[in-house]
Amino acid sequence: MFQVKIASSGQMIDVPPGVSITEALEMNGIDIPISCEEGWCGTCMTRVIDGVPDHRDTFLSPQEHARNSLIMPCCSGSRSDCLVLDL
Ligand code: FES
């Protein structure tokens with residue numbers, strides 16, 4: 001499990017195993033635009049302020065993955081205990 005921190009409000013959200021970040025956000029009343037939910041369309045792209053994403057999408061390039069400043073929260077996870085998202 002890891003946590004997502006909403007930068008604008010400071011809210012901390014638990015993301016349990018088997019639950020996507022977008023699902024965890026939704027459960028907490030935070031809806032972000034989603035479409036494919038499989039990591040290829042780019043609709044859910046979100047800026048990462050802190051933390052290291054576990055990239056599982058096919059939308060971002062390897063260079064963008066290495067930069068760790070963007071995430072596709074419909075399918076990707078986190079390598080760090082907490083991801084701070086620009087939401
Ligand atoms: Fe398509 Fe996330 S909804 S990449």
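Two strands pair if DSSP finds at least two bridges between them. Helices (H or I, at least four residues) and strands (E, at least two) are DSSP runs, numbered from the N terminus. The legends below use these terms.

**View 1. The whole predicted protein.** This is a predicted model: local features need pLDDT of at least 70, side-chain atom pairs count only at pLDDT 80 or more, and totals for chains, interfaces and linings use all residues. Residues are numbered from 1 along each chain as its sequence is written. The protein has two helices and seven strands. Along the sequence their pattern is β-β-α-β-β-α-β-β-β. The radius of gyration is 11 Å, close to the 12 Å of the globule rule for 87 residues, so the protein is as compact as a globular protein of that length. That radius is taken over C-alpha atoms, and the rule is 2.2 Å times the number of residues to the power 0.38. The C-alpha trace spans about 30 × 25 × 25 Å along its principal axes. The average pLDDT is 98, and 100% of the residues score at least 70. pLDDT is the predictor's confidence in each residue, from 0 to 100. The model scores ipTM 0.99 and pTM 0.96.

View 2. Strands of a sheet pair through backbone hydrogen bonds, either parallel or antiparallel.

**View 3. The hairpin of strands 1 and 2.** Strand 1 and strand 2 pair in the antiparallel sense over four bridges. Val4 stands opposite Ile13 in strand 2. Five residues lie between the two strands of this hairpin. Gly10, in the turn, has a positive phi of about 80°.

**View 4. Strand 7 and its two partners.** Strand 1 (residues 2-6) pairs with strand 7 in the parallel sense over four bridges. Here Lys5 has Val84 of strand 7 as its bridge partner. Strand 3 (residues 46-50) pairs with strand 7 in the antiparallel sense over two bridges. Val48 stands opposite Leu85 in strand 7. Strand 7 (residues 82-85) has a covered face, Leu83 and Leu85. Its uncovered face holds Cys82 and Val84.

View 5. Ile21 lies in helix 1 (residues 21-27). Ile21 is buried, with 25 other C-beta atoms within 10 Å. A residue is buried if 20 or more other C-beta atoms lie within 10 Å of its own, exposed if 12 or fewer, and partly exposed in between; C-beta atoms are placed from the backbone. Not counting residues up to four places away in sequence, Ile21 touches Val4, Val15 and Pro73. Two residues are in contact if their C-beta atoms, placed from the backbone, lie within 7 Å. Ser78 is 57 residues from Ile21 along the chain, and their C-alpha atoms are separated by 9.3 Å.

View 6. Of the 87 residues, 25% count as buried. Among contacts with a separation of 6 or more, residues 24 or more positions apart account for 50%.
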